[in-house]
Amino acid sequence: MKDSFGRTIDYLRLSVTDRCNLRCRYCMPEEGVSALGHGDILSYEELLRVARAATVAGVRKIRVTGGEPLVRRGIVDFIGELSALPTRPEISLTTNGLLLAELAGDLKRAGLCRINVSLDTLREDRFLRITRREGLSRVLDGLRAAEEAGLTPLKINMVPIAGENADEIVDFARLTLRHPWEMRFIEFMPVSADVGYPPESRFPAAAIIEELSRLGILLPISRSGPAGPARLFHYAGSPGRLGVIPAVSEHFCGECNRLRVTADGRIRPCLFSTEEIDIKTALRSGASEEVLLEILRGAVQVKPERHRIGEADFSQGPRGMQGIGG
Ligand SMILES: Nc1nc2c(ncn2[C@@H]2O[C@H](COP(=O)(O)OP(=O)(O)OP(=O)(O)O)[C@@H](O)[C@H]2O)c(=O)[nH]1
Ligand SMILES: C[S@@+](CC[C@H](N)C(=O)[O-])C[C@H]1O[C@@H](n2cnc3c(N)ncnc32)[C@H](O)[C@@H]1O
Ligand code: SF4
Ligand code: SF4
């Protein structure tokens, strides 16, 4: 699908739940997260119909996200169904890793290609503070299980927050000297006003790169294949790579190839959209695939040119990242 700015939209981020077994401070508040009811979220059958229509419209890559996608019962079978769609899209998943040790092998066998794991600290006490739950060792077990299962190349996402975990950037970067992992550092995005960090907690890409440079000379890697949000680097001789996602300071919207569908059946043309397009009503009134295609194409046509963070007309929406899918 081409949008009105000539960008090719071939990547769908599909959120399967807004529930989560963590409460990361930069993503959602501790209390008052309105978990959607059973009837509110799309069934797997409905999600599959959306995914199928999207692949007919040209989507080649589907990323399953949430909330925490691995907490939804039946996720392994759903991954199997997605990967068996007639066009054989590439299926990947973003997870906090807590349930990965149990599920990595089954996910791989079901057809999952790759996995991105979010981990913001390597210290037990900080894990508890940032996620408001315990579980660092389970995430580390999950990383090992994903690697053994062949869910590679493994990417790890860290959101550095000034005064919280930004001093661990070098510790995370050091992992790429020993492991073939892509360690990505993501600028904190002010998606929701309800999260526990003010915008000044943001640790911008330039500061991330300065930290990374303390460990060695950063050698840029030019990107092959489809556009992604990360600027890539490596240290000489290291098996792993480093990615910096400058979502706010140097937005990559000109290369955007994404469309998002939330667990409650709304299409978000942009991560920061104030406008959402309902696809649930059509799904529940027996709409044909042709109608779903029209809705998806219509959503692509209203995709904004870029986000407006930092500008006078920027407004934060009611959803936190867990309700969008990142
Ligand atoms: N601004 C912006 N941020 C994005 C976009 N896509 C992903 N991100 C952010 O990038 C971070 C990592 O996202 P992931 O879920 O790992 O997905 P990804 O980096 O797009 O995945 P791959 O490139 O397919 O490995 C998250 O914090 C997302 O919110 C996007 O289109 N726009
Ligand atoms: C919303 S989570 C959903 C998937 C899964 N629960 C996880 O944490 O990987 C997707 C991604 O969004 C990132 N994220 C959440 N809130 C963010 C924020 N305010 N700024 C930047 N990234 C954020 C997380 O770090 C994670 O990598
Ligand atoms: S970032 Fe992921 S793991 Fe953390 S609260 Fe949000 S949805 Fe849950
Ligand atoms: S902010 Fe919106 S337009 Fe920009 S890259 Fe992200 S989803 Fe695409």
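Predicted model: local features only at pLDDT ≥ 70, side-chain atom pairs only at ≥ 80, totals over all residues.
A helix axis here is a line fitted to C-alpha atoms over the stretch in contact, and the angle between two axes is taken between their N-to-C directions.

**View 1. Helices H2 and H3 cross at roughly 20°.** H2 covers residues 75–83 and H3 covers residues 100–110, and their axes come within 8 Å. Angles under 35 degrees count as roughly parallel, so H2 and H3 are roughly parallel to each other. Their crossing is right-handed. To find where they touch, look for Val76, Ile79, Gly80 and Ser83 on the H2 side, which meet Leu103, Asp106, Leu107 and Ala110 on the H3 side. Sort the residues of this H2–H3 contact by type and you get 5 nonpolar, 2 polar and 1 charged.

**View 2. Helices H1 and H9 pack at an angle of about 70°.** This pair brings together residues 44–56 (H1) and residues 289–301 (H9), with axes 9 Å apart. Since 65 to 115 degrees counts as roughly perpendicular, H1 and H9 are therefore roughly perpendicular to each other. From H1 come Arg49, Val50, Ala53, Ala54 and Val56, and they meet Glu289, Leu292, Leu293 and Leu296 of H9. The contact of H1 with H9 has 7 nonpolar residues and 2 charged ones, with no polar residues.

**View 3. Ligand 2 sits among 20 residues.** Which of them come nearest? Pick out Cys27, Ser118, Asn157, Met321 and Gly326.

Notes:
Residues numbered from 1 in each chain as written. Chains lettered and ligands numbered in written order. Near = placed C-beta within 6 Å. Axes fitted to C-alpha atoms, helices over the stretch in contact; angles between N-to-C directions. Helix = DSSP H or I, 4+ residues; strand = E, 2+ residues; numbered from the N terminus. Parallel < 35°, antiparallel > 145°, perpendicular 65-115°, else oblique. Contact = placed C-beta atoms within 7 Å. Nonpolar A, V, L, I, M, F, W, Y, C, P; charged D, E, K, R; others polar. Left-handed = near helix turned anticlockwise from the far one by under 90°.
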